[in-house]
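Trainee: Hi! Could you walk me through this one?
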Amino acid sequence: MTPSPCPPIADADWPHEVAELREDFAGALNVYRTMAHHPALLNAWAPLRQHVVKENALGPELTEVVILRAGLRMGSRYEWAHHVSRALALGFTTARIEAIRTRPEGVDGLIVDAVDALFDQRMLSPEQEAELADAIGRKAVIDLIAMVGFYSVLGYLLKTYDTPVDDNIQKEAQKMPTLFSLTS
């Protein structure tokens with residue numbers, strides 16, 4: 001197997017242009033250590049990441065539903081594993097996580113359908129958008145759309161550069177390998 005041309009950057013090789021981001025969010029995860037090969041992109045990414053991941057209108061639980069389904073649809077084992085870990089930390093049951101692989105009930109199901117529509121039709125139908133807006137609010141719908149795009153870009157990077165799942169997540173996955181696997 002050919003080694004990645006953009007493996008996660010070690011602290012000793014971290015670009016000076018984004019030194020402060022290493023101490024913030026970027027140094028903690030291999031995805032951002034991979035993105036650090038392009039310091040200007042990582043620097044521009046930071047404020048969008050803050051909104052999309054932390055300050056969106058979906059809230060932490062529904063955010064994880066979106067990201068898990070997007071990671072699954074992208075075939076990104078990195079995103080799936082990392083967000084299974086985050087979902088568990090938020091109190092998700094294994095059944096709730098497993099349901100995201102198919103079609104869960106309630107609001108989770110509406111979100112799964114929306115993510116699928118964005119991947120398959122590249123849009124939400126007017127009826128689907130209205131149903132989602134009634135359930136979660138229009139700002140949350142817009143954030144959902146942006147989040148799917150955001151995580152698609154990350155998925156492209158992760159898969160292209162075969163970014164390894166971070167060690168702490170790999171250790172957690174060893175305890176529940178089926179749940180953490182893309183293919184259950």
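This is a predicted model: local features need pLDDT of at least 70, side-chain atom pairs count only at pLDDT 80 or more; totals for chains, interfaces and linings use all residues.

Trainee: Which residues does the domain annotation cover?
Mentor: The unreviewed UniProt entry places "domain: Carboxymuconolactone decarboxylase-like" at residues 39-102.

Trainee: And how much helix and strand is there over residues 39-102?
Mentor: That stretch is 81% helix and 0% strand. Its end C-alpha atoms lie 37 Å apart.

Trainee: Okay, Ser85 next. Where is it found?
Mentor: Ser85 is in helix H5, which runs over residues 77-89.

Trainee: Is Ser85 buried or exposed?
Mentor: Ser85 counts as buried because its relative accessible area is 12%, and the cut-off for buried is under 20%.

Trainee: What does Ser85 touch?
Mentor: Leaving out residues up to four places away in sequence, Ser85 touches Ile169, Glu172 and Phe180.

Trainee: Switching to H7: what should its 15 residues span?
Mentor: At 1.5 Å a residue, helix H7 (residues 106-120) should span 21 Å. The end C-alpha atoms of H7 are 21 Å apart, so the two values agree.

Trainee: How many residues of H7 are buried?
Mentor: H7 is mostly covered, with 11 of its 15 residues buried. Among them are Leu110, Ile111, Val115 and Phe119.

Trainee: What covers those buried residues?
Mentor: The cover includes helices H4 (59-74), H6 (94-100), H8 (126-136) and H9 (138-160).

Trainee: Last one: which residue with a positive phi follows H7?
Mentor: That's Arg122, with a phi near 65°.

Key: Residues are numbered from 1 along each chain as its sequence is written. Side-chain values use heavy atoms; hydrogens and water are left out. UniProt positions are given in the numbering used here, feature names are shortened, and annotations may be inferred rather than shown by experiment. Helices (H or I, at least four residues) and strands (E, at least two) are DSSP runs, numbered from the N terminus. Buried means under 20% relative accessible area, exposed over 50%, partly exposed in between (1.4 Å probe, protein chains only). Contact means heavy atoms within 4.5 Å. The expected span of a helix is 1.5 Å times one less than its number of residues.
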